[in-house]
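These are my notebook entries on one structure. I set down what I looked up, topic by topic.

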Amino acid sequence: IYLKDFKKITALRTEIEDLVDGVMKNPIKNVYLIGIGGTLALMQPLDCMIRKYSAVPVYTVSAAELVLDPGKPFGPGTFALMMSESGETKETVAAAEYCAKAGLNPVGVSCKRNSSLAKAIKNCIISEESDRYSSDGDFIRLYMIVARLLHNLGDFPQYDAFMNTLESLPDVFVKVKEECEEAAKDFAYKYKDETFHMLVGSGNCWGETYSYAMCILEEMQ
């Protein structure tokens with residue numbers, strides 16, 4: 001099931017390329033990565049990637065704060081990217097509507113075809129395979145979009161190699177999960193009664209570190 005779902009996700013490549021190419025027919029002045037809670041954490045590695053490969057200014061912002069004060073850089077020439085798996089996250093939907101009213105063509109990602117997010121903006125990537133395996137699929141969808149953005153800016157000559165690697169990642173993920181299963185189980189039983197855990201991360205690992213600590217351990221458990 002895992003590999004079958006991910007083949008459908010990686011098959012979005014042509015659709016994503018066409019969509020991003022269309023949005024970027026007009027010059028891009030800056031990038032806004034928009035999320036709330038867990039989806040804001042997902043945007044952090046993308047922020048690092050854009051800063052590493054391009055000089056285009058990038059801003060990672062809360063969807064709720066965007067509609068109150070988007071900042072002076074926001075406006076014509078802003079490439080806005082946002083995600084809501086359900087497509088019903090009220091802050092993200094409001095941000096999408098705000099971007100559309102400002103004359104932008106925001107790019108959204110949702111797992112629901114008739115969601116409020118999909119209705120709010122015309123450039124919405126729909127991947128109905130909801131991510132039952134933490135954020136593996138979420139990251140692949142978002143990285144495909146950002147890689148195309150960087151490619152179109154002329155800042156990512158390794159685009160084709162990167163995209164081919166993304167397509168092969170699900171097979172690698174399966175092997176890693178199988179190899180780590182017993183060690184992870186042993187770790188969980190050993191430390192299940194600890195009252196304090198410290199998770200440390202930086203750079204492009206920080207968003208996932210925060211997401212795992214806040215979303216997976218603190219909130220869901």
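**Entry 1: the salt-bridge network.** I looked up charged side chains and found that Arg 13, Glu 17, Asp 21, Arg 148, Asp 160 and Glu 167 are linked in a network of salt bridges. I counted a salt bridge where a side-chain nitrogen of Lys or Arg lies within 4 Å of a carboxyl oxygen of Asp or Glu. By this rule I recorded 9 salt bridges.

I noted that the model is predicted: local features need pLDDT of at least 70, side-chain atom pairs count only at pLDDT 80 or more, and totals for chains, interfaces and linings use all residues. Residues are numbered from 1 along each chain as its sequence is written, and side-chain values use heavy atoms, with hydrogens and water left out.

Entry 2: I found Arg 13 in a salt bridge with Glu 167, their closest N and O atoms being 3.7 Å apart. Arg 13 belongs to helix H2 (residues 13-23) and Glu 167 to helix H8, so this pair ties together parts that are 154 residues apart in sequence. Helices (H or I, at least four residues) and strands (E, at least two) are DSSP runs, numbered from the N terminus.

I then checked accessibility, where buried means under 20% relative accessible area, exposed over 50%, and partly exposed in between (1.4 Å probe, protein chains only). Arg 13 counts as buried at 17%, whereas Glu 167 is partly exposed at 37%.

I also recorded a salt bridge between the side chains of Arg 148 and Glu 17 (3.6 Å, N to O). Arg 148 lies in helix H7 and Glu 17 in helix H2, so parts that are 131 residues apart in sequence are tied together. Arg 148 is buried at 12% relative accessibility, and Glu 17 is buried at 13%.

**Entry 3: a pair inside one helix.** I looked up Asp 138 and found a salt bridge with Arg 141, the closest N and O atoms being 2.8 Å apart. The two residues are 3 apart in helix H7, separated by about one helical turn. Both Asp 138 and Arg 141 are buried.

**Entry 4: the sheet.** In which order do the strands of the open sheet stand? I read the order of the 5 strands as E2-E1-E3-E4-E5, with parallel pairing; two strands pair if DSSP finds at least two bridges between them. E2 and strand E5 (123-126) stand at the edges with a single partner strand each, so one side of each is left without a neighbour in the sheet. From one strand to the next, the twist averages 20°.

I found that E1 and E3 pair over 5 bridges, and that Val 31 stands opposite Phe 79 in E3. E3 and strand E4 (residues 107-110) pair over 3 bridges. In E4, Val 107 is the bridge partner of Leu 81, and Val 109 is that of Met 83.

**Entry 5: the cover of E3.** Why is E3 described as largely enclosed by the rest of the structure? I noted that 6 of its 6 residues are buried, so E3 is largely enclosed. Thr 78, Ala 80 and Met 82 are buried on one side, and Phe 79, Leu 81 and Met 83 on the other.

**Entry 6: a buried helix face.** I listed the buried residues of helix H3 (residues 38-53), among them Leu 42, Met 43, Leu 46 and Ile 50. Their cover includes strand E1 (30-35), strand E2 (58-62) and helix H7 (136-152), where contact means heavy atoms within 4.5 Å.

Notes: Axes fitted to C-alpha atoms, helices over the stretch in contact; angles between N-to-C directions.
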